Amino acid sequence: MLIIGITGGTGSGKTTVVEQIVEELPPDEVCVISQDSYYHDTSHLSLDNRTKINFDHPQAIDFDLLVSHLRELKKGNSFEQPVYSFVEHNRTGETITTSPKKVIIVEGILIFTHPEIREMFDIKIFVHADSDERLIRRLKRDITTRGRDINEVLARYQNTLKPMHLQFIEPTKEFADIIIPTNKYNTVAVDLIRTIIHQKLNHIES
Ligand SMILES: Nc1ncnc2c1ncn2[C@@H]1O[C@H](COP(=O)(O)OP(=O)(O)O)[C@@H](O)[C@H]1O
Ligand SMILES: Nc1ccn([C@@H]2O[C@H](COP(=O)(O)O)[C@@H](O)[C@H]2O)c(=O)n1
């Protein structure tokens, strides 16, 4: 089993890089775990109060659950990955059964802040795009797919995204084995990562 951690700021292109890696691997050999699935259950809060949560602080993440799920995978066991709604700011109550595969990809903005999770990764990748690029992408994405308006995204960017990025996310670049520049689509870097994955898998199997 090869466990790959992919981090980077919001809008840097983590999900896109993951999709590019996954599309080239046989579906029965790879599974993806998103840190977004591990936002704490906030059912006890009103929707209004949920909108006030700082979603870019490590305390927003149920790391204990993520660690326990990664341990299950390493033992060869399946687990139920929660499904998260960015519209409701909460878990939906549904889960996706996630089973051990040859390649496990874990992606999310804060995954390198947790020492035990960091230790579990065989390859650590940081996806980097400049902050203006990330803000533009985040604006477009949140308005089209996450039910937000321009004022909400800009206020969140100023109040939490930017300071949290500088405090918690950017410093984890030092833990990365590979940093991918993604101001533009970077097919060369994705090809290199695919090659590294195949080499490591061959090494594990031989
Ligand atoms: N290299 C890139 N160049 C231009 N747009 C990109 C690039 N990578 C991703 N995007 C777009 O930016 C948005 C955010 O990308 P996404 O992969 O969801 O980022 P993240 O998962 O890091 O938040 C998406 O709409 C995606 O299509
Ligand atoms: N209810 C929520 C939960 C999280 N966010 C934002 O999502 C970002 C992380 O996801 P990416 O795909 O962009 O990496 C993070 O910056 C949170 O602010 C949200 O808007 N609403």
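Guide: The account below begins with the core, then turns to helix packing and to particular loop positions. This is a predicted model, in which local features need pLDDT of at least 70 and side-chain atom pairs count only at pLDDT 80 or more, while totals for chains, interfaces and linings use all residues. Residues are numbered from 1 along each chain as its sequence is written, and chains are lettered from A and ligands numbered from 1 in the order in which they are written.

The largest nonpolar core holds 36 residues. A nonpolar core here is a set of buried Ala, Val, Leu, Ile, Met, Phe, Trp, Tyr and Cys residues joined through C-beta atoms within 7 Å. A residue is buried if 20 or more other C-beta atoms lie within 10 Å of its own, exposed if 12 or fewer, and partly exposed in between, with C-beta atoms placed from the backbone. Within this core, Ile6, Ile104, Ile105 and Ile125 touch the most other members. At least two core residues come from each of strands E1 (2-7), E2 (30-34), E5 (103-107) and E6 (123-128), and likewise from each of helices H1 (14-22), H3 (63-74), H6 (150-169) and H7 (187-205). These elements are DSSP runs numbered from the N terminus, helices being H or I of at least four residues and strands E of at least two. In soluble globular proteins, nonpolar side chains tend to be buried together.

Leaving aside neighbours within four places in sequence, Ile105 is in contact with Ile4, Ile6, Val18, Ile21, Val30 and Val32; contact requires C-beta atoms, placed from the backbone, to lie within 7 Å.

Ile21 also takes part in helix packing: Val17, Gln20 and Ile21 in H1 meet Val190, Ile193 and Arg194 in H7. The axes of H1 and H7 are 10 Å apart, and the helices pack at an angle of about 50°. H1 is therefore oblique to H7. Axes are lines fitted to C-alpha atoms, for helices over the stretch in contact, and angles run from 0 to 180 degrees between N-to-C directions. Angles under 35 degrees count as roughly parallel, over 145 as roughly antiparallel, 65 to 115 as roughly perpendicular and the rest as oblique.

H6 packs with helix H5 (residues 131-145), their axes coming within 9 Å and crossing at roughly 140°. H5 and H6 are therefore oblique to each other. At this crossing, Leu135, Arg138, Leu139, Asp142 and Ile143 in H5 meet Ile150, Val153 and Tyr157 in H6.

Leu110 lies in the loop between E5 and helix H4 (115-120). Leu110 is buried, with 22 other C-beta atoms within 10 Å. Leu110 and Gly8 are 102 residues apart in sequence, yet their C-alpha atoms are 8.1 Å apart.

Ile53, in the loop between helix H2 (47-50) and H3, is partly exposed, with 17 other C-beta atoms within 10 Å. Beyond residues up to four places away in sequence, Ile53 touches Thr42, Ala60 and His89. His89 belongs to the loop between strand E3 (79-85) and strand E4 (90-98), and has a positive phi of about 55° although it is not a glycine.

Terms used
Two residues are in contact if their C-beta atoms, placed from the backbone, lie within 7 Å.
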